[in-house]
Amino acid sequence: MGRRWLLTGCSSGLGHALASAAARAGDELAVTARKTADLEGLAAAWPGRILPVPLELRDAASCEEAVRRATDRLGGIDILVNNAGIGLFGAVEEVSDVELRDQLETLVVGPWRLTRLVLPLMRAQGHGHVVNISSVVGRIAFPGLGAYVAGKHALEGMSQALAIEAAPHNIRVTVVEPGMFATRYGTSMTEARRRIPVYDVTNREMLDGARGLAENPETGRPEDFAERVLDIIAAEGPTPLRIPVGDDAYGYLDLAEQASREEFAAARILTQGPPPPPPPV
Ligand SMILES: NC(=O)c1ccc[n+]([C@@H]2O[C@H](COP(=O)([O-])OP(=O)(O)OC[C@H]3O[C@@H](n4cnc5c(N)ncnc54)[C@H](OP(=O)(O)O)[C@@H]3O)[C@@H](O)[C@H]2O)c1
């Protein structure tokens, strides 16, 4: 029997590719975008398997209505994928309170709210899988992306707590950390209204890189991302909570792991003093 999904952010990019791949595999999906007209192509390509649902993550009533429509039509939700997201570019000093709240509403509050709405259904069914699409910046940081980095770190922290709480209820939690994939993410990214030119030195390259993401020959294909996520969902037995996807993601996070060990060792020396000499042999 096909699995039943609620998958957010399907008008383009990774969500669109994942929706197509899952429908091709025989699953039924409620897929979301802010305008359902942007989902017509998907629905037409997979008649009967794709239910377009309007969703604005920053609106509680919209989240409730989306979960209601999905469950009415599908009869339950086996897999919730919190994929929808948008970036905000700006130095920490440039980002206003309003802009920060807006970014966190989309990246943290909305997915949290959807998860809270879906968990009772999954507990009643006795199974479920919550997949949160984070980023390598859920573990590391890049300049100019402080608000986006904060949002993805928060999503990962929430997921770690949820994984412990959900496990006794046979609900699996996975955080997927994509590297760079060719989507409109870079062009959709908004910019903080306040500009302080001194930050161009550290941040400009990041903005230019994001804007050129879809044309960068080194970025991955959304279709490949989708296949990896289907593999993750299909995997039997215990799987890692946090799963990078893409060669560049493993490269960044490998370096970050080493740097983290070095930072930890340096901090220990700073606060605890140098380690005792090894015992004589
Ligand atoms: N592409 C990459 O290299 C990359 C790397 C790491 C992580 N990611 C993450 O992957 C996820 C998908 O991004 P993408 O690359 O596929 O970008 P994308 O092509 O821009 O797709 C983003 C999707 O999110 C939806 N969305 C944005 N804001 C929303 C809101 N407030 N409420 C509801 N839906 C909203 C958009 O729908 P609308 O049509 O309604 O705008 C769109 O369907 C994001 O969480 C992103 O942070 C991407």
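Which helices each supply at least two residues of the shell around the ligand? In this predicted model, helix H1, covering residues 13-24, and helix H6, covering residues 185-188, each do so, and H1 contributes the largest share, with three residues of the shell. The ligand is surrounded by 30 residues, the closest being Gly9, Gly13, Arg34, Gly85 and Thr183. By residue class, the shell around the ligand divides into 13 nonpolar, 12 polar and five charged residues.

Within H8, the residues Pro222, Phe225, Ala226, Val229 and Ile233 are buried. Seen down the axis of H8, these buried residues fall within an arc of 100°, and they therefore line one face of the helix. An α-helix has 3.6 residues a turn, so residues three or four places apart point the same way. On the face of H8 turned away from the buried side lie the exposed residues Asp231 and Ala234.

The largest nonpolar core contains 64 residues, of which Leu6, Leu7, Leu18, Ala19, Leu29 and Val31 touch the most other members. When residues up to four places away in sequence are not counted, Leu6 touches Ala30, Val67, Ala70, Ile77, Leu80 and Val118. In soluble globular proteins, nonpolar side chains tend to be buried together.

Two further residues may be described individually. Ala44, which is placed in helix H2 (residues 40-45), has 9 other C-beta atoms within 10 Å and is exposed, because a residue counts as exposed when that number is 12 or fewer. Between the C-alpha atoms of Ala44 and Gly126, which are 82 residues apart along the chain, the separation is 33 Å. Asn170, by contrast, is found in the loop between helix H5 (146-166) and strand E7, and although Asn170 is not a glycine, its phi is positive, at about 65°. With 13 C-beta neighbours inside 10 Å, Asn170 counts as partly exposed.

Methods. Residues numbered from 1 in each chain as written. Predicted model: local features only at pLDDT ≥ 70, side-chain atom pairs only at ≥ 80, totals over all residues. Near = placed C-beta within 6 Å. Helix = DSSP H or I, 4+ residues; strand = E, 2+ residues; numbered from the N terminus. Nonpolar A, V, L, I, M, F, W, Y, C, P; charged D, E, K, R; others polar. Buried ≥ 20, exposed ≤ 12 C-beta atoms within 10 Å, placed from the backbone. Arc of directions from axis to C-beta. Core = buried A, V, L, I, M, F, W, Y, C linked by C-beta atoms within 7 Å. Contact = placed C-beta atoms within 7 Å.
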